[in-house]
Amino acid sequence: MVAPNNLVYDRPEGFTDTPTHYCPGCTHGVAHRLIAEVLEEMNIIPRTIGVAPVGCSVFAYNYFDTDFVEAPHGRAPAMATGIKRVLPDRIVFTYQGDGDLASIGMGEIVHAAARGENITVVFINNANYGMTGGQMAPTTLPGMKTTSSPNGRDVETQGYPIKMAEMLSTLDGVGYCVRRSLHDPKNIRLAKKAIRTAFETQARGLGFSMVELLSTCPTNWGMTPVNALKFVEEHMVPAFPLGDYKVAASVAQIKV
Amino acid sequence: MPKELWKGNEAIAEAAVRAGLQAYFGYPITPQTEILEYLSRRMPELGRAFVQAESELGAINMVYGAACTGARVMSTSSSPGVSLMMEGLSYIAGTEVPAVLVNVMRGGPGLGNIAPAQSDYNQAVHGGGHGDYPRIVLAPSSVQEAIDLMGLSFDLAEKYRMICMVILDGSIGQMMEPAEMPEMKPITERKFDWNTDGAINRERRILSSIYIDPPAEEVANFRLAKRWQEVQANEVRYKEYFLDDAEFVIVGFGTAGRVALSAVRAARAEGIKVGLLRPITVSPYPYEVIDQLAGRVSAFLVTEMNMGQMFDDVRLAVRGRVPVEFYGRTGGVVPFPDEILAEIHRIAAGQWSVDRDPRDSWQTRMASVIER
């Protein structure tokens, strides 16, 4: 046992003590931890309701120590809308992957953002469908090999990656919309700050907030965890530039 | 309360409000749009939630989310829109949360038309979303009955943590009739032991339709089935007309039942001993009363505004003991009482179709109408 005064790293209160089911090296665990830390720091654990997606993070509800519901594939923003509209003083967030949010759930996310629903969306972009075994996602990079683009994504027949943060930032209902990455400690710290700002945006009723997080999928990418992090830095970041795509004037006042 | 002239769709909306509706999510589609329009005004003035969703998919999943909080929540749509909602309906059933869905049915399949129909009976009663799940389905035949059933639908959904659908054809939604509204019910704070409204001073809760371990899903399906047995034992509702001395019985729900009643009255005036059974709950279905009737009447006639969907349920209850005939209109066509009366005359004269599916001989009888 570590003496309490020597303890520098512990499980945040926003977590249950359930070990995650994620593959070794996957950044879902990092993203989960950042959210759990923010919930603890903002002291909002009891009044937070999470909405889990369909995808690798389908079991997210096992890991956060808050009320949770589990949405049909892509419909998390609609479920979150239903919850938030009847319980406006609760904190409601969705956690969605790229297949869930940018493909099957495109209609739900765009309209939740357009309505300015006071919800927070954490969007994990790892450029493939992780849970079903690594198929091409709307965010798969041109030329990237997946199990359903075995010769590499051919933009002539399979189209181009969708840049969600840029797209949603054009909508007036959006208060805060940024892209961060989880590929190194500095970027992880920046990601946490963005997640905090997104939840603060909601807590103040300043509109829809989303943080897109560039993430790894070592298993389906066929890479070691370290190489997967390098892939994010060298290939994902250039294709999906990090940055603040929409920070409403009222949100810019928030100090975190 | 005094009777007022109410349009069916608006009456449904106001009755839901008075039953304590806390949140409504919908999408425009004829012939139910007046419900959405009415509530777009009414809900905000009461400080209650209203969202015009981006699609029926969005609407039913907003219903799903709100239902998880324990709020009284409803969506309404018409046939093609309800088809889109089937995904959400299955999840709502699998999660065991209460929700009310009104289907103001129109002619189909596909885009069909916007005229009254009952052709979503099988979807509502027997099918719809994926997986094993029961659901309660109520079928009003007048504006007044629609009002009365709205309050019941919320109570039943909540009591059994189950979907309660109200199915009516477009004519009930569109027509105006004198009707009496119930008193406004205050929204009471209801405490549940299952809802996810924030883990304030309690253990956290999860609401999900996922049972990744197959034996656990099997247990869940048995739990739903057991609850359904309770519903079947306690919630069957129907209305009888002239059944005491009836030799022949017509079975019809909603508008088809109402049209049949006019035909039954005309036949009675001629001295024909015919009665009417009008199921109000089409799920749970009144099998038992039909089973009993089959022991003492000489024939049934099922009349519907579809190709013969409820017909199968009547046959299931009759179990071949007496002939079960069929007469329907479909595609958005409403039968006239004279058409049903002609069928009553045919059956009273003993001309029934014994050697083939009665729906086939009905199609033959319809040839002169269809092959115009």
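This is a predicted model: local features need pLDDT of at least 70, side-chain atom pairs count only at pLDDT 80 or more; totals for chains, interfaces and linings use all residues.
1. Residues are numbered from 1 along each chain as its sequence is written, while chains are lettered from A and ligands numbered from 1 in the order in which they are written.

2. Chain A has 10 helices and nine strands (DSSP runs numbered from the N terminus: H or I of at least four residues for helices, E of at least two for strands). Its radius of gyration is 17 Å, close to the 18 Å that the globule rule gives for 256 residues, so chain A is as compact as a globular protein of that length. (The radius is taken over C-alpha atoms, and the rule is 2.2 Å times the number of residues to the power 0.38.)

3. Of the 256 residues in chain A, 57% are buried, meaning 20 or more other C-beta atoms, placed from the backbone, lie within 10 Å of the residue's own.

4. Now the partner: 27 residues of chain A are in contact with 33 residues of chain B (C-beta atoms, placed from the backbone, within 7 Å). On chain A's side, strand E2 (67-70), helix H2 (76-86) and helix H4 (106-114) each supply at least two residues. H2(A) gives the largest share, eight residues.

5. The two chains also share strand pairing. E2(A) runs parallel to strand E9 (residues 206-207) of chain B, joined by two bridges; at least two DSSP bridges make a pair. Look for Val69(A), which stands opposite Leu207(B).

Methods: A residue is buried if 20 or more other C-beta atoms lie within 10 Å of its own, exposed if 12 or fewer, and partly exposed in between; C-beta atoms are placed from the backbone. Two residues are in contact if their C-beta atoms, placed from the backbone, lie within 7 Å.
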